[in-house]
Amino acid sequence: MWSFATCPVRLCRSMRHPLLFRFPLLLVLVASEAIPEVCEPTERTLILSEHPRSEAPKVYVGGRTATVLRLEKDCDPERTNMLGWKGHFEPLICHDRFVLLYPLRDLTPSDRFLLQVTLKDGTELPFIVTARQQSYGNRQVDQQVNVFESREGYDSVLAAMYRALDDARELREKNERYQKEENSVDHAYATLLANGAVKAAPFRLEKTITLKEGDTHMVIKLFSGKGKAAVLVNLTNTYSNEPWTLGETRLSADLSSRTARAFALRMNPSEIIPGASGSLAVVADKSAFVSQEGLVDLTLEIFRGDGLQQVAILLDRRLIR
């Protein structure tokens with residue numbers, strides 16, 4: 001039987017003054033900014049509103065990634081322009097029914113550029129060029145935006161039908177995943193931990209760490225188990241204005257490639273209002289620790305809804321009993 005020895009605490013300073021704690025089983029990085037990665041580019045459909053008070057539709061772009069607007073009619077290059085583009089974009093390209101945008105660097109949601117597209121028949125189509133809220137591993141960028149002036153057009157109806165089919169497919173996949181989770185032993189254990197029934201789960205507490213950084217207070221507990229490992233994070237939101245919401249959660253062995261490993265996750269409640277507390281539980285099976293070299297250590301990364309990394313926890317392979 002082995003035991004957990006205590007190592008000296010090493011502190012360093014990073015963005016938002018995070019603390020770096022090193023323990024044999026725990027690596028904690030608090031509130032360090034996530035590095036966005038480009039996910040699969042998307043094709044999106046915009047059906048323009050005829051209401052005079054409607055805000056101009058948004059086009060979401062990403063640095064060094066081309067975004068194309070596909071129009072129903074030819075555009076007029078002489079009367080199509082974007083305000084303040086110099087230094088932020090390559091020169092605008094307007095040809096036939098296509099408008100090409102190419103940002104030189106990433107934008108933020110606060111960056112807004114007014115794009116005025118004028119068709120050959122004189123119709124003016126305003127757009128706001130900006131970026132989505134960035135989150136770890138999910139920088140959503142429009143690859144192609146299909147623009148329709150009328151909801152009655154054949155192309156717009158066809159595009160809406162394809163969009164509905166895609167939504168139905170995603171919903172079906174989610175339902176199938178939820179059904180599998182309901183029958184999963186690991187998800188049942190995670191539910192017990194998140195609901196406070198720690199004694200009912202077959203785990204042994206090995207380490208408890210208490211952290212307070214900025215607007216979040218955390219108590220992190222690591223559990224060993226027979227063929228499984230578990231983590232319970234109790235969070236208290238001391239921020240006075242915004243609820244704490246969960247963004248992406250990832251379990252990986254190699255932070256450079258971040259190849260995801262399977263795990264069970266439960267959070268109670270789904271968001272933590274200011275002044276309240278909640279729990280987040282993760283259960284990982286022994287199979288998640290297996291590699292070609294044998295068992296390896298894993299890192300659990302938890303990101304807030306605003307994209308900032310809240311905590312990273314190093315799971316030692318020895319947690320698996």
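**Close-up views of a predicted model**

View 1. Glu149 has a relative accessible area of 21%, so it counts as partly exposed. The cut-off for buried is under 20%. This model is predicted. Glu149 sits in the loop that runs between strand S12 (142-148) and H1. Which residues does Glu149 touch, not counting those up to four places away in sequence? They are Leu48, Glu72, Lys73, Leu119, Thr123 and Leu125. Take Lys73 from that list. Glu149 and Lys73 are 76 residues apart along the chain, yet their C-alpha atoms are separated by 9.8 Å.

**View 2. The whole chain, for orientation.** The chain has 321 residues, and 39% of them count as buried. It contains two helices and 23 strands. Its accessible surface comes to about 17600 Å². Carbon and sulfur atoms account for 51% of that surface. Now consider contacts between residues at least 6 apart in sequence. Of these, 63% join residues at least 24 apart.

**View 3. The largest nonpolar core.** This core has 26 residues. Which of them touch the most other members? They are Ile220, Val233, Phe289, Ile313 and Leu315. Several strands each supply at least two residues of this core: S13, S14, strand S15 (228-237), strand S16 (244-252), strand S19 (277-285), strand S22 (298-304) and strand S23 (308-315). S15 gives the largest share, four residues. In soluble globular proteins, nonpolar side chains tend to be buried together.

**View 4. Val233 and its contacts.** Set aside the neighbours of Val233 within four places in sequence. Val233 is then in contact with Met218, Val219, Ile220, Gly278, Ser279, Leu280, Ile302 and Ile313.

**View 5. Asp215, between two strands.** Asp215 is placed in the loop between strand S13 (203-213) and strand S14 (216-225). Is Asp215 buried or exposed? Asp215 counts as buried, because its relative accessibility is 18% and the limit for buried is under 20%. The side chains of Asp215 and Thr216 are joined by a polar contact of 3.1 Å.

**View 6. A nonpolar patch on the surface.** Met161, Tyr162 and Leu165 make up this patch. Together they have about 320 Å² of accessible area. Tyr162 belongs to helix H1 (residues 154-182). Its relative accessibility is 47%, so Tyr162 counts as partly exposed.

**View 7. Two residues with positive phi.** Most residues other than glycine have a negative phi. Arg64 is not a glycine, but its phi is positive, about 60°. Arg64 lies in the loop between strand S5 (58-60) and strand S6 (67-70). With a relative accessible area of 55%, Arg64 is exposed. Asp96 is not a glycine either, and its phi is positive, about 55°. Where is Asp96 found? Asp96 is in the loop between strand S8 (93-95) and strand S9 (98-101). At 41% relative accessibility, Asp96 counts as partly exposed.

**View 8. A cis peptide bond.** Most peptide bonds are trans. The bond that joins Asn268 and Pro269 is cis, with omega about -5°. Pro269 is in the loop between strand S17 (264-268) and strand S18 (271-272).

Key. Residues numbered from 1 in each chain as written. Predicted model: local features only at pLDDT ≥ 70, side-chain atom pairs only at ≥ 80, totals over all residues. Heavy atoms only, no water. Buried < 20%, exposed > 50% of the residue type's maximum accessible area, 1.4 Å probe, protein only. Polar contact = N/O pair within 3.5 Å; in protein donor to acceptor, adjacent residues only side chain to side chain. Patch = residues over 30% accessible without salt bridge, like charges linked within 9 Å, V, L, I, M, F, W, Y side chains within 5 Å. Areas by Shrake-Rupley, 256 points an atom, 1.4 Å probe, with all protein chains shown as cover. Salt bridge = Lys/Arg side-chain N within 4 Å of Asp/Glu carboxyl O. Core = buried A, V, L, I, M, F, W, Y, C linked by side-chain atoms within 4.5 Å. Contact = heavy atoms within 4.5 Å.
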